[in-house]
Amino acid sequence: MATLNLKPNLSAPDDFYSDLIATHEGLSDDESAELNARLILLLANHIGDCMVLRTALAIAKNPSQEEERQ
């Protein structure tokens with residue numbers, strides 16, 4: 001079973017953050033929320049493991065769970 005990787009894993013995190021912010025430029029709050037929803041679904045599909053996704057959902061909802069797992 002795959003586990004959720006909680007360690008830094010982006011080769012260029014600042015570049016990704018810049019790209020993410022740039023993608024949202026010029027969008028309304030509703031359009032940004034829709035973009036985020038589409039992005040989440042695309043990445044969830046790429047991950048494809050429901051247990052990993054459930055773990056991510058739980059940690060996103062309650063970040064203190066991340067500390068409990070480490």
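Predicted model: local features only at pLDDT ≥ 70, side-chain atom pairs only at ≥ 80, totals over all residues.

Reader: How many residues does helix 2 have, and what does it reach from its first C-alpha to its last?

Author: Helices are DSSP runs (H or I, at least four residues), numbered from the N terminus. The expected span of a helix is 1.5 Å times one less than its number of residues. Helix 2 has 19 residues and reaches 27 Å, close to the 27 Å expected. Helix 1 (residues 13–24) has twelve residues and reaches 17 Å, close to the 16 Å expected.

Reader: Which residue follows helix 2, and what is its phi?

Author: Gly48 follows helix 2, with a positive phi near 75 degrees. Just after helix 1, Gly26 takes a positive phi of about 85 degrees.

Reader: Is Leu41 buried or exposed?

Author: Buried means under 20% relative accessible area, exposed over 50%, and partly exposed in between (1.4 Å probe, protein chains only). Leu41 lies in helix 2 and counts as exposed because its relative accessibility is 62%. Leu4 lies in the segment before helix 1; Leu4 counts as partly exposed because its relative accessibility is 27%.

Reader: What separates the C-alpha atoms of Leu4 and Thr55?

Author: Leu4 and Thr55 are 51 residues apart along the chain, and their C-alpha atoms are separated by 6.9 Å. Leu41 and Ser64 are 23 residues apart in sequence and 24 Å apart in space, C-alpha to C-alpha.

Conventions: Residues numbered from 1 in each chain as written. Heavy atoms only, no water. Helix = DSSP H or I, 4+ residues; strand = E, 2+ residues; numbered from the N terminus.
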